[in-house]
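Please keep the sequence and the coordinates at hand while reading.

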Amino acid sequence: GEDHPGEETDYGRDAPPGLQREAAHYFGYVYFRQVKDPSVKRGYFQKSLVLVSRLPYVNLFQCLLQLIAPEYFDKLDPCLEAVCSEIDQWPLPVPGRMLNLPLMGVVIQVRVPSRVDKLGSSPDKPVNQENLLPAPLVLSSVYELDLFRCFQPVLTHVQLLWELMLLAEPLVVLAPSPAVSSETVLALTSCLAPLKYCCDYRPYFTIHDSEFKEYTTRTQAPPNIVLGVTNPFFIKTLQHWPHILRLGELKMAGDLPKQVKMKKLAKLRSLDAKPGLYSSYKTFLHKDKGLLKRLLKGIHKKRSSEAQSALLRRYFLELTQSFLIPLEHYMASLMPLQKAITPWKNPPPIRPFQQEEFLRTLEHAGPQLTCVIKGDWIGLYRRFFRSPNFDGWYRQRHKEMTHKLEVLHLEAISEANIGTWMKHKSEVEVVDLVLKLREKLVRFTAPPPSWGQLCCLFSGVWTLQSWAGFIRIFLLLGGRNLLGVDWCVLGKERDRLKGRQDPRAGLPACQPPGVQPS
């Protein structure tokens, strides 16, 4: 489809970190069909339908394939043409909004989460179902997996796996099928929410992938990546990796699925190695035995898999939040005080992140305030500082704080008494101020304002406060596209401040540059 820069920016600003569009990779969602066919050399007819997107909408796109693929295998290209025509009419995904997506006689109803949603809360219930005929196919989530099903064989190790993900440790998941491999990898990378997993991950990796040689070489340390594989050949080629999770076919041991055991990497030598978590990793935090008890209680009470998944998701969320809250508090303390921001000087810089200074704050404001789990939290933070996840989190927070600083500076300028400032200033100093202001506005608008627009807005700036109102309106509009501003509103606000009409002959104050009055 066509690119929509404005919508792209809005989506990136409003969507949660884990639902951002992937800039460097595509997600491939696959429906695989295998049917016995004696006429084929291998005895089976095999074909796949693949949906490719930059969005990680796992549930939605898998649902689409379940609807489209059976029809496609019967009717082939005409079916795809009809489906693409319908999808082309769908609205753009807007975080916080419920979408009604018609497809092949069915209306799929799903809500795209927003960054401002309360974490851990239930999604909004669908509305206006009575107006949709036939009744819509309602998806509870656009992206959330059944965590309980994904983690069934490793429930006793989920806290250890959370630490491995937090620290961006290299991990291989060897699963019995591509579906189990993919879902396990996606479940692992999602358990850090609301912290974004900032490393690469491959839900289904094969020996045909271009990075195969890079990842299997023993001449360098394994990269920070999670690989999902199914070929036992990887047991030999990836033996030098520090963490390998081998999963087998699911078996029950009483009420609980049989749990894989921790094993030493040295035991992972044969292709038929038993299921287990092969790693020498020692956790920083003590194991929370209460989680397994709560899950077992849910099994005894015949609690649904959806409810068990909600319990797991809440556990991961609270653990991650307990880890992040001290970081967020310390990061906020690095922001300059608002009283230090003055209109006629560049705002003071954000103080640098000092790791040791942060660690000293943990004694009185650490995770122990919100989490009952004991352990070496300081050691965990020290390892986290060396991981790509810390770098990604810090860069994003620093970017957001820099933006906030710019907004506060613009507010200070808009509220300043410009007339008093200009009394003893030369024309050169005033022009310099206008140039600096334009430079600041360029960083806040897309596309940037033209010189013609600025001339219209800044006419009379040498003697009057002609642009204070403009900045106020600009800020109220959210600092978005300057070309989308109502020019008549701006002109009237400017004229009110000036107390007279624009002195330029023949061009009313409310007209944008280049637009002649009728």
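Contact here means heavy atoms within 4.5 Å. Helices (H or I, at least four residues) and strands (E, at least two) are DSSP runs, numbered from the N terminus. This is a predicted model, in which local features need pLDDT of at least 70 and side-chain atom pairs count only at pLDDT 80 or more, while totals for chains, interfaces and linings use all residues. Residues are numbered from 1 along each chain as its sequence is written, and side-chain values use heavy atoms, with hydrogens and water left out.

The chain has 18 helices and 13 strands. Buried residues (under 20% relative accessible area, with exposed over 50% and partly exposed in between, for a 1.4 Å probe and protein chains only) make up 42% of its 518 residues. Of the contacts between residues at least 6 apart in sequence, 68% join residues at least 24 apart.

Two packed helices are described by the angle between their axes and the distance between the axes. Axes are lines fitted to C-alpha atoms, for helices over the stretch in contact, and angles run from 0 to 180 degrees between N-to-C directions. The axes of H11 (355–365) and H12 (residues 377–385) come within 11 Å and cross at roughly 155 degrees. H11 is therefore roughly antiparallel to H12, given that angles under 35 degrees count as roughly parallel, over 145 as roughly antiparallel, 65 to 115 as roughly perpendicular and the rest as oblique. On the H11 side, Gln-355, Glu-356, Phe-358, Leu-359 and Leu-362 meet Ile-378, Tyr-381, Arg-382 and Phe-385 of H12. This contact has six nonpolar, one polar and two charged residues, where Ala, Val, Leu, Ile, Met, Phe, Trp, Tyr, Cys and Pro count as nonpolar, Asp, Glu, Lys and Arg as charged, and the others, Gly among them, as polar.

What does H12 pack against through its buried residues? Trp-377, Gly-379, Leu-380, Tyr-381, Phe-384 and Phe-385 are the buried residues of H12, and they pack against H5 (158–166), H10, H11 and H13 (388–414).

H10 (residues 305–333) also packs with H9 (residues 289–300), at an angle of about 165 degrees and with the axes 10 Å apart. H9 and H10 are therefore roughly antiparallel to each other. Leu-291, Arg-294, Leu-295, Gly-298 and Ile-299 of H9 meet Gln-308, Leu-311, Leu-312 and Tyr-315 of H10.

A nonpolar core is a set of buried Ala, Val, Leu, Ile, Met, Phe, Trp, Tyr and Cys residues joined through side-chain atoms within 4.5 Å. The largest has 100 residues, and Phe-151, Trp-162, Phe-323, Leu-327 and Phe-353 have the most contacts inside it. Leaving aside residues up to four places away in sequence, Leu-327 touches Phe-353, Phe-358, Tyr-381, Phe-384, Phe-385 and Trp-393. Apart from this core lies another, of 16 residues, among them Tyr-215, Leu-227, Leu-268 and Tyr-278.

Some backbone details remain. The loop between H5 and strand S6 (171–174) holds Ala-168, whose phi is near 55 degrees, a positive value in a residue other than glycine; Ala-168 is buried, at 0% relative accessibility. Met-104, likewise not a glycine, has a positive phi of about 55 degrees, but is partly exposed with a relative accessible area of 29%. The peptide bond from Ala-193 to Pro-194 is cis, with omega near 10 degrees.
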